[in-house]
Amino acid sequence: MRALPVGDEALLVEVSSGEEAQALHTELLRRRAEGSLSVREIVPAARTVLLDGLPDPARLAAELTASDEPPTPPRAREVVELPVRYDGPDLADVAAHWGVSAQEVARIHADTEFSVAFCGFAPGFGYLTGLPPHYDIPRRATPRTAVPAGAVALAGPYTGVYPRSSPGGWQLIGTTDAVLWDHTRVPAALLSPGTRVRFVPVGSP
Amino acid sequence: MTDRALSVVRAGALTTVQDLGRLGHAHLGVPRSGALDGPAAALVNRLVGNAPEAAVLETTLSGCTVRPRSAVTVAVGGAPCQVAVDGRPVAWGAPVHVPAGALLDVGAAISGVRSYVGVSGGVAVDPVLGSRSTDLLSGLGPPPLTDGAVLPLGPPARPHARVDVAPQPAPPAELVLRVTLGPRDDWFTPQSVRAFTAHPYRVSPASNRIGLRTEGPALERALPRELPSEGVVLGAVQVPPDGRPVVFLADHPTTGGYPVIAVVRAADLPAAAQAVPGTAVRFVAVGRR
């Protein structure tokens, strides 16, 4: 674990895997909830957790890197089920890349339990991990100028669902009617870091 | 609608509603947003008797024109500009009485970029996640002002300040940004890290509320590999593949995949909000506090 200072009041804690980043995030949330950590933002990402709004970043850096204790593994949370139609325009390309049929892409994806590693790109957009590394897939060579809301997509090691229409370069494999983001709802985001997710196929493939 | 409202007569190039921002939601991908020139926004709120968290209007270069439906006190600060009520010039940087139905014109910036319009009672659009700020990156909060739009106002809180004119910093002729290096300065060649603080840059016209883009020597990477996405802070100086540093401002994305060579001191960012395209920018490395 490395703790890199960021400006005067933030710390970027770097770990060696996505799982460790999720575990560290869970641990930092626990410390904040019990009152032993004062911080404005805790932002998990692929291999890091950013802490922003810290009164004394140097002291926390020393404390985190001195401890040999591995962070507690993420607590089991309720599984959010997202209904999905595997009807995306890039399904055939993904199937070719994986060397399987389109139906098999849907089966593999729906059989996977995902968890939200981190959020970004747009409010409510979660980077979901869970697929084995040999299913990593490059982004499209040419991004689309408009990806519809509810598009279920793949890029690199991640699955994501577009909360609203936006440009995007991910490979689109399906569609969900689930509302990923609604700022009038509490909580506004259906998915937040640590949420477990399953895609449940609906309709005929 | 009550009569406590502003009708937008001329929205200007880009006028948005801003307050202290939408903090505490970065982990959901929600930008912080908020007034780019925070001290100017705070000052106009103080001048009209508002609490610091009241929402104000932030204009961009060309000002705006509004018509309050009831008598209000307003104050305009930030970028200096001509202010007029029903065509008569009134004070900039001081509380001004605007009668019901009168036309308040906030002129184009004489220098600087963003003027702030504080109105007694504050702009009272519905808050989203605790803030009334317009966030241009993700579209949260009220849309930018359009001609004919109507903005509700809150009840006036306190009597306005008794000042003739409040001193405000002039927009910068040269923008000096103090930076602390890191967290990813080691992703750049040592020559590039030196060039970053030794050579002047210029403010690019492509700058916006998301980032202050710069023109100048391209910084070269020592590590060509891809950086996995990581959280970024306000003031982070991110270097995209073209090698030109971008200083992240209030509407910046919460995570990013390009290395951050340094972070600008928060105290220097309000001046960045007022630097017109072409302004010389110097990044000066300082130690951590």
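# Reading a predicted two-chain model

Author: D135(B) is a buried residue without a salt bridge; the nearest side chain of opposite charge, that of R22(B), is 4.6 Å away. Keep in mind that this is a predicted model.

Reader: Why does D135(B) have no salt bridge, with R22(B) 4.6 Å away?

Author: Side chains of opposite charge can pair when their charged atoms come close. The cut-off for a salt bridge is 4 Å, from a side-chain nitrogen of Lys or Arg to a carboxyl oxygen of Asp or Glu.

Reader: Where is D135(B), and what is it in contact with?

Author: D135(B) sits in the loop between β10 (115–119) and β11 (150–152) of chain B. Leaving aside neighbours within four places in sequence, its contacts are R22(B), P31(B), S33(B), L140(B) and D251(B).

Reader: Where do E34(A) and R30(A) lie?

Author: Here the general idea concerns helices. An α-helix has 3.6 residues a turn, so residues three or four places apart point the same way. E34(A) and R30(A) are both in helix α1 (residues 18–34) of chain A, 4 residues apart, about one turn of the helix. R30(A) is partly exposed, at 38% relative accessibility. Both residues also belong to a network of salt bridges that links E27(A), R30(A), R31(A), E34(A) and E63(A).

Reader: Which salt bridges link distant parts of a chain?

Author: One of them is in chain A, where R140(A) pairs with D90(A) and the closest N and O atoms are 3.1 Å apart. R140(A) is in the loop between β7 (126–129) and β8 (144–147), and D90(A) is in the loop between β5 (79–84) and α3 (91–98), 50 residues apart. R140(A) is partly exposed at 26% relative accessibility, whereas D90(A) is buried at 2%.

Another is in chain B, where E174(B) and R282(B) form a salt bridge with a closest N to O distance of 2.9 Å. This pair links strand β12 (residues 174–181), which holds E174(B), to strand β20 (residues 280–285), which holds R282(B), 108 residues apart. E174(B) is partly exposed at 37% relative accessibility, and R282(B) is partly exposed at 37%.

Reader: How many salt bridges are there between chain A and chain B?

Author: The count is 2. D8(A) forms a salt bridge with R265(B), with the closest N and O atoms 3.0 Å apart. Across the interface there are also 9 residue pairs in polar contact. On the side of chain A that touches chain B, the elements giving two or more residues are β1 (2–6), β2 (10–14), β3 (41–44), β4 (48–52) and β6 (114–119). By class, that side has 21 nonpolar, 6 polar and 8 charged residues.

Reader: What area is buried between the chains, and how many residues take part?

Author: About 2,500 Å² is buried between chain A and chain B, and carbon and sulfur atoms give 61% of that area. The contact takes 35 residues from chain A and 31 residues from chain B.

Reader: Is V263(B) buried or exposed?

Author: V263(B) is buried, with a relative accessible area of 5%. Its place is strand β19 (residues 260–264) of chain B. Among the residues that V263(B) touches are V6(A) and G7(A) of chain A, and R178(B), V179(B) and T180(B) of chain B.

Reader: Which residues of helix α4 in chain A are buried?

Author: In helix α4 (residues 102–110) they are V105(A), A106(A), I108(A), H109(A) and A110(A). What covers them includes α3, β6 and β9 (151–155) of chain A.

Reader: Which peptide bonds are cis?

Author: The bond from V186(A) to P187(A) is cis, with omega near -5°. P187(A) is in the loop between β12 and β13 of chain A. Another cis bond joins G182(B) and P183(B), with omega about 10°. P183(B) is in the loop between β12 and α2 (190–198) of chain B.

Reader: Which residues have a positive phi although they are not glycine?

Author: F121(A) is one of them, with phi near 70°, and its place is the loop between β6 and β7 of chain A. L61(B) is another, with phi of about 65°, in the loop between β3 (56–58) and β4 (64–68) of chain B. F121(A) is partly exposed, at 40% relative accessible area, and L61(B) is partly exposed, at 43%.

Note on methods
Residues numbered from 1 in each chain as written. Chains lettered and ligands numbered in written order. Predicted model: local features only at pLDDT ≥ 70, side-chain atom pairs only at ≥ 80, totals over all residues. Heavy atoms only, no water. Buried < 20%, exposed > 50% of the residue type's maximum accessible area, 1.4 Å probe, protein only. Lys, Arg positive; Asp, Glu negative; His and termini not counted. Contact = heavy atoms within 4.5 Å. Buried area = accessible area lost by both parts, 1.4 Å probe. Polar contact = N/O pair within 3.5 Å; in protein donor to acceptor, adjacent residues only side chain to side chain. Nonpolar A, V, L, I, M, F, W, Y, C, P; charged D, E, K, R; others polar.
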